[in-house]
Amino acid sequence: MSTSTAAARKAERPTFADRWVALPKPVQIVVWLAIAAFFFILPLLNLPIVSTADADFGAVLATVANYALVALGLNIVLGYAGLLDLGYVGFYAIGAYTVGVFGSLHGQVPWLVLIVMAVTISTASGLLLGAPTLRVRGDYLAIVTLGFGEIIRLTALNSEWLNQARGITGIPRPPSTELFGLPSLVWNGAVAKVDLGEGARSVFLKFGLLDAVPYYWLALIVIAVVLVGDRLLQASRVGRAWEATREDEEAAELNGVPTFRFKLLAFAMGAFVGGLSGALYASRIGSINPDSFMIQLSMMFLAAVVIGGQGNRWGAIAGGVVVAYLPERFREFADFRIVVFGLLLLLLANFRPQGLLPPRRARRARRADEATKELEGTEEGARA
């Protein structure tokens, strides 16, 4: 078999994603249901390798789900539209402060109305920020958004109406409904037994102070809804316009794509998800202050998207899991985790620059480039 034929076959070799798409729909549905059921009961399994010994596993999973939701929102801005937003924590803070201000500090608005208000105000702030700033690109856009995130924090720090550095306490929690309780497992080596004690039960959708598992379940439901909307958007005319704008904005403009309008839409959609995740975070924690929204948090959100793979919704979720879970899982190395995290980023940038789960188009482009290089090498060898 010639080298050119082998290269062509390598480029045409189906990937896991291609095999998944080829499966019958009923099989796909069953697999998705099994995966959803596993993640739903994960905090109750307390798997020895996965669970965190030095922190409440349910609280860690709730934080991981929150990061995954944030990464999905930032992936719309960065991965789909190609807009470098370094101040995404600003939208996160707006959602959290909306719930705190109107639910505790200056009002007693019902929680569901608070969520609507949070996403509305955060989306409006995305439009107000994007309208004047999206006319610049690249580093200039990054600097402007970085300033926006810090302005939001400083406003909360210096505004008496927002209670300044004292923050806000007594933030309302989601309405509770005690549907059913689920016992957890206790492991003794490789042997597990069911703990039927009242303290071991997690009551579905009973949102209290000590049990964070219902907040994790709520976040999973929200993530599922956002994933459906994300998939529909990416497959629509809007998603194709974002992709064209990201790849070459001038060419997209020449082909009749109103790039500014679609960039503004991406900014608004990202702000929507960011405000929603911030509102859920504030409702779970119960208290917030300006130090909860430092600019370093934006860097962590950005790292989640870059590590997972820009433009891939599953990669964004995987990146959120990596950024939020690993520091808690290896808390015994807390003094070195920043150094280790930096080293891992360097390794990723050199050996996996497109992230852990790059989008399908990136994988196909890489395989095509590899096949082209092999063919060119074969042709040069034949001429020599």
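**Salt bridges and beyond**

A: K263 is buried, because its relative accessibility is 4% and the cut-off for buried is under 20%. This is a predicted model. The partner of K263 is E249, and the two form a salt bridge. Their closest N and O atoms are 3.0 Å apart. The pair joins distant parts of the chain. K263 sits in helix 11 (residues 259-285), E249 in helix 10 (residues 249-254), and 14 residues separate them. E249 is buried as well, with a relative accessible area of 13%. In general, side chains of opposite charge can pair when their charged atoms come close.

The search of the whole structure gives six salt bridges. Three residues, E243, R246 and E247, are linked in a network. Take R246 with E243: their closest N and O atoms are 3.9 Å apart. That value is within the 4 Å limit, so the pair counts as a salt bridge. Both residues lie in helix 9 (residues 237-247). They are three residues apart, about one turn of the helix. R246 forms a salt bridge with E247 too, with the closest N and O atoms 3.1 Å apart.

What is the exposure of the network residues? R246 has a relative accessible area of 22% and is partly exposed. E243 is partly exposed at 35%. E247, at 51%, counts as exposed, because the threshold for exposed is over 50%.

Next, the aromatic contacts. The count is 15 aromatic pairs. In one of them, Y88 and F91, the ring centres are 5.9 Å apart and the planes stand at 75°, so the pair is edge-to-face. Y88 is buried, at 1% relative accessibility. F91 is buried, with a value of 1%. F102 and W161 make an edge-to-face pair, with 6.3 Å between centres and 70° between planes. This pair links distant parts of the chain, 59 residues apart. F102 is in helix 5 (residues 89-105), while W161 is in the loop between helix 7 (138-158) and strand 1 (181-182). F102 is partly exposed at 26%. W161 is partly exposed at 47%. A single aromatic cluster is formed by Y67, Y92, Y97, Y281, F293 and F301.

Helix 8 (residues 213-234) has 22 residues, so at 1.5 Å a residue it should span 32 Å. The distance between its end C-alpha atoms is 31 Å, which agrees. Its buried residues include P214, W217, V222, I223 and D230. Helix 6 (residues 111-133) contains T133. T133 is buried, at 10% relative accessible area. T133 touches L141 and V144, leaving aside residues up to four places away in sequence.

Last, the surface. A nonpolar patch there has about 790 Å² of accessible area together. Its members include L23, W32, F38, W314 and L357. Helix 3 (residues 25-45) gives the most to this patch, with six residues. V27 belongs to the patch and is found in helix 3. V27 is partly exposed, with a relative accessibility of 37%. Such a value meets the patch rule, because members need over 30% relative accessible area.

How values were computed
Residues are numbered from 1 along each chain as its sequence is written. This is a predicted model: local features need pLDDT of at least 70, side-chain atom pairs count only at pLDDT 80 or more; totals for chains, interfaces and linings use all residues. Side-chain values use heavy atoms; hydrogens and water are left out. Patches are made of residues with over 30% relative accessible area and no salt bridge: like charges are joined within 9 Å, nonpolar side chains (Val, Leu, Ile, Met, Phe, Trp, Tyr) within 5 Å. Accessible areas come from the Shrake-Rupley method with a 1.4 Å probe; for residues, only the protein chains shown count as cover. A salt bridge is a side-chain nitrogen of Lys or Arg within 4 Å of a carboxyl oxygen of Asp or Glu. Helices (H or I, at least four residues) and strands (E, at least two) are DSSP runs, numbered from the N terminus. Buried means under 20% relative accessible area, exposed over 50%, partly exposed in between (1.4 Å probe, protein chains only). The expected span of a helix is 1.5 Å times one less than its number of residues. Contact means heavy atoms within 4.5 Å. Rings of Phe, Tyr and Trp (its six-membered ring) pair if their centres lie within 6.5 Å; planes under 30 degrees apart count as stacked, over 60 as edge-to-face and the rest as tilted.
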